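Q: Please take me through the labels used for this structure. For each one, set the value against its cut-off.

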Amino acid sequence: MSKSDKYTTIHYHKYLELDALLSLQKPRSTAAGETAHDETLFIIMHQVYELWFKQILTELDSVLLLFREERVREDNMHTVLLRLRRITTIIDLLIEQIRVMETMTPLDFLDFRDYLFPASGFQSVQFRMVEATLGLREEDRITYHGKSYKIVFTEEQQARLHDIETGGSLFELIEKWLERTPFLRFGDFDFLAAYQEAVDRMIGHEQAQISNSQLSDSMKEMRSRMVGDSSTYFKHVLDREEHERMVASGEARLSYDATIAALLINLYRDQPILNIPFNLLTELLNIDEGLTTWRYRHAQMVMRMIGNKIGTGGSSGHDYLARTAEQHKIFRDLHNISSLLIPRSSLPDLPPAVERGLGFHFRNT
Ligand code: HEM
């Protein structure tokens, strides 16, 4: 096809390759001469999901490309944001679609389940590519029978997954981008020192109020624990070594510098220059939360369809799937930033020069 073909005409049917697309639903029960009515729905549901996975991968690959540049260009940030938002919207749709699957009753499923064996969503290479591109590492995964999740794939598919896992995931690129945040030290302003002072002040103030209050001793104790102190929630951001110990032990993943930058972006998100970075971090949380919700929702549907039976792919079924929902979160560290936030009223004031640096200044005075 050449550029001049832009001005030729094409029919809807041909443009969408509908002859090919609509001939791809081939129920095995029909081929065996005992058509199970719901098998077509089952096939279409999975095919639609695979198409959406393809779209999600297209968006993710384009975002990765923009983030791989030495310095992420500011004028690309809005495009990145729009594409990540599109992914969140697609995931919302994927969650909603489970309701369509649930119009099939467990008894109807039994009419054709044997024809699937041992096919399973477990063998969806695109789903694994989405997870790996976002940043789920092999060692983060729940395995069963102690085997790699990759063994169900062909050599070529395994090589693709390996390339994704070693080529720099979205998690890793975001981490590097955060580490480059230029505002942690701005002239005389040292963000971390100012934050530490603010945390100490806030904790001192709150603890004094709690101990002077009319609360019972047990309530005072509970309120004090909620506020925390510099040996609890805040310990790892106030102490680089402690954070590095947590990374080494797997309690945290995001590097120290990236964590501090994410904290700064969250605390000062109202500064114009930090709006887009804040929205970007929020979108990553939305994607993570959406996938987690999909995992729970899928696990719930599986419980309804097959109870406690094992899956066609050989896992423990519902039990395995529910555990992945908890364990396969990717941007957990960004969620954990919330335990480090302090009220706006306790935030250190930014020196005017810093505030000017963080603002949009189009004035020509
Ligand atoms: C009647 C409907 C369904 C049932 C009973 C079902 C059952 C299961 C089970 C038991 C597993 C665990 C692996 C195994 O042992 O097989 C699984 C995994 C999976 N299923 Fe489904 N599923 C259904 C529909 C769907 C649909 C519509 C999709 C959309 C693509 C899907 C995607 C997946 C994926 C991606 C996994 C792998 C999850 C992971 O390992 O984290 N499933 N499914």
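Q: Which helix holds H298?
A: In this predicted model, H298 sits in helix 15, which spans residues 272–306. A UniProt annotation, "binding site", covers H298 and comes from an unreviewed entry. Such annotations may be inferred rather than shown by experiment.

Q: What makes a residue a contact of H298, leaving aside neighbours within four places in sequence?
A: The test is heavy atoms within 4.5 Å. Leaving aside neighbours within four places in sequence, H298 is in contact with I98 and L321.

Q: Why are helix 5 and helix 15 called roughly parallel?
A: Helix 5 covers residues 74–101. Helix 5 and helix 15 pack at an angle of about 15 degrees. The cut-off for roughly parallel is under 35 degrees. Helix 5 and helix 15 are therefore roughly parallel to each other. Their axes lie 9 Å apart, and the crossing is left-handed.

Q: What makes up the contact of helix 5 with helix 15, by residue class?
A: The contact of helix 5 with helix 15 has 18 nonpolar, seven polar and four charged residues.

Q: Why is Q271 called buried?
A: Its relative accessible area is 13%. Buried means under 20%, so Q271 is buried.

Q: Where is Q271 found, and which residues does Q271 touch, not counting those up to four places away in sequence?
A: Q271 is in the loop between helix 14 (256–267) and helix 15. Not counting residues up to four places away in sequence, Q271 touches L350, E355 and L358.

Q: Which residues meet between helix 4 and helix 7?
A: Helix 4 brings E50, F53, K54, I56, L57, L60, D61 and L64. Helix 7 brings Q126, F127, M129, V130, T133 and L134. By class, the contact of helix 4 with helix 7 has nine nonpolar, two polar and three charged residues.

Q: What is the omega of the peptide bond from F117 to P118, and is that bond cis or trans?
A: Omega is near -5 degrees, and the bond from F117 to P118 is cis. P118 is found in the loop between helix 6 (106–110) and helix 7.

Q: Why is E17 called partly exposed?
A: E17 has a relative accessible area of 45%. Buried is under 20% and exposed is over 50%. The value for E17 falls in between, so E17 is partly exposed.

Q: What is the phi of E17, and where is E17 found?
A: Phi of E17 is near 50 degrees, a positive value in a residue other than glycine. E17 is in the loop between helix 1 (12–15) and helix 2 (18–21).

Q: How many helices and strands does the chain have?
A: The chain has 18 helices and two strands. Its C-alpha atoms fill a box of roughly 80 × 65 × 35 Å along the principal axes. Of the 365 residues, 42% count as buried.

Q: What share of the contacts with a separation of 6 or more comes from residues 24 or more positions apart?
A: Residues 24 or more positions apart account for 74% of those contacts.

Conventions:
Residues numbered from 1 in each chain as written. Predicted model: local features only at pLDDT ≥ 70, side-chain atom pairs only at ≥ 80, totals over all residues. Heavy atoms only, no water. Axes fitted to C-alpha atoms, helices over the stretch in contact; angles between N-to-C directions. Parallel < 35°, antiparallel > 145°, perpendicular 65-115°, else oblique. Left-handed = near helix turned anticlockwise from the far one by under 90°. Nonpolar A, V, L, I, M, F, W, Y, C, P; charged D, E, K, R; others polar. Buried < 20%, exposed > 50% of the residue type's maximum accessible area, 1.4 Å probe, protein only.
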